[in-house]
Amino acid sequence: MHTWVAVKPTDAAAYTVYEVIGWRLRWSDSALAIRTRQPDAPWFGSAPELYADKRGPGVDELINRIDKAARDYPYAGEYTLWPGPNSNTFTAWIARHVPELELDLPATAIGKDYLGSTVFSTAPSAAAFSSRSADCLASRRAASDGLEVNLLGLNFGVGPSGLKLPLLGRLGLPTGD
C-alpha cells in the first residue's frame, strides 16, 4: 500500500500532497514529492482510504508542522520496499512529529515501523511507545493502536479498531466516522 499526506490551509485554493515515491530516485536525488494534486486520487487502481481528518481552528498550525516534518524527512534520498524506508515510513514520520493527527496506519502499511538506526521512538498515533530489535522485531502499545507486534515487517495486533493481520489489514470496526 502507498500512503501520503494531503493538506489544505484555510484560505488555499488547492490541496498540497506530501508523499514519497521510490521511482523518483531514478532521475532525482529525492523520493520526496511536495506538489499540488488531487488529495484522493486512486493509487494504481486502488481506492484511497482516509486514516486521519483534521479541520477547524488550529489546523493551519498543524499544516505548518506537517510541512516542516516533511522537509526534515531524513530518508528522502533512499527507498526500500521492505522493511523501509518507503512511503509508509514517511507518513509515520509525519505522524510522529505531529502526534495530534492521531494516525493509526493499518497492518498492511509495511514500512510504518521502520526507525532506521533508532531503537526507541514514539508511535505514529501519539501517546504511545515503539521499540525495535534490528529490522526483524518491533512492538508498540498505544491507546488508539492497541497492542501491535511487528515481525519481519508484518504487523499483528489487537486494539479498539479491531484485529490487525498482515496482508489482510484490519478486521473489525473502522477507526473513522
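Modeller: What follows is a conversation about how the terms apply here.

Modeller: This is a predicted model, in which local features need pLDDT of at least 70 and side-chain atom pairs count only at pLDDT 80 or more, while totals for chains, interfaces and linings use all residues. Residues are numbered from 1 along each chain as its sequence is written, and side-chain values use heavy atoms, with hydrogens and water left out.

Colleague: How many helices and strands are there in the protein, and what makes a stretch a helix or a strand?

Modeller: Helices (H or I, at least four residues) and strands (E, at least two) are DSSP runs, numbered from the N terminus. The protein has two helices and ten strands, and from the N terminus on its elements run β-β-β-α-α-β-β-β-β-β-β-β.

Colleague: What makes S1 and S2 a pair, and in which sense do they pair?

Modeller: Two strands pair if DSSP finds at least two bridges between them. S1 and strand S2 (residues 16–20) have three bridges and pair in the antiparallel sense, with Val-5 opposite Tyr-18 in S2 and Ala-6 bridged to Val-17. S2 and S3 also pair in the antiparallel sense, over five bridges, and there Val-17 stands opposite Arg-35 in S3.

Colleague: What is the order of the three strands in the open sheet, and why do S1 and S3 stand at the edges?

Modeller: The order is S1-S2-S3, with antiparallel pairing. Strand S1 (5–7) and strand S3 (32–36) each have a single partner strand, so one side of each is left without a neighbour in the sheet. From one strand to the next, the twist averages 15°.

Colleague: How do you know that Ile-21 is buried?

Modeller: Buried means under 20% relative accessible area, exposed over 50%, and partly exposed in between, using a 1.4 Å probe and protein chains only. Ile-21 has a relative accessible area of 6%, so Ile-21 is buried. The residue is placed in the loop between S2 and S3 and, leaving aside neighbours within four places in sequence, is in contact (heavy atoms within 4.5 Å) with His-2, Ala-31, Arg-35 and Trp-43.

Colleague: Is Phe-44 buried or exposed, and what is noted about its phi?

Modeller: Phe-44 has a relative accessible area of 66%, so Phe-44 is exposed. Phe-44 lies in the loop between S3 and H1 and has a positive phi of about 50° although it is not a glycine. Most residues other than glycine have a negative phi, and most peptide bonds are trans. Glu-102, in the loop between H2 and strand S4 (120–121), likewise has a positive phi, near 50°.

Colleague: What joins the side chains of Arg-37 and Glu-19?

Modeller: A polar contact is a pair of N or O atoms within 3.5 Å; within protein, one must be able to donate a hydrogen and the other to accept it, and residues adjacent in sequence count only if both atoms are side-chain atoms. The side chains of Arg-37 and Glu-19 are joined by such a contact, of 3.0 Å. Arg-37 is found in the loop between S3 and helix H1 (59–71).

Colleague: Why is H1 called oblique to H2?

Modeller: Two packed helices are described by the angle between their axes and the distance between the axes. H1 and H2 pack at an angle of about 130°, with their axes 9 Å apart. That angle makes H1 oblique to H2. Angles under 35 degrees count as roughly parallel, over 145 as roughly antiparallel, 65 to 115 as roughly perpendicular and the rest as oblique. Axes are lines fitted to C-alpha atoms, for helices over the stretch in contact, and angles run from 0 to 180 degrees between N-to-C directions.

Colleague: What makes H2 mostly covered?

Modeller: Nine of the eleven residues of H2 are buried, among them Phe-90 and Ile-94. In H2, Phe-90, Trp-93, Ile-94 and His-97 meet Arg-65, Ile-66, Ala-69 and Ala-70 of H1.
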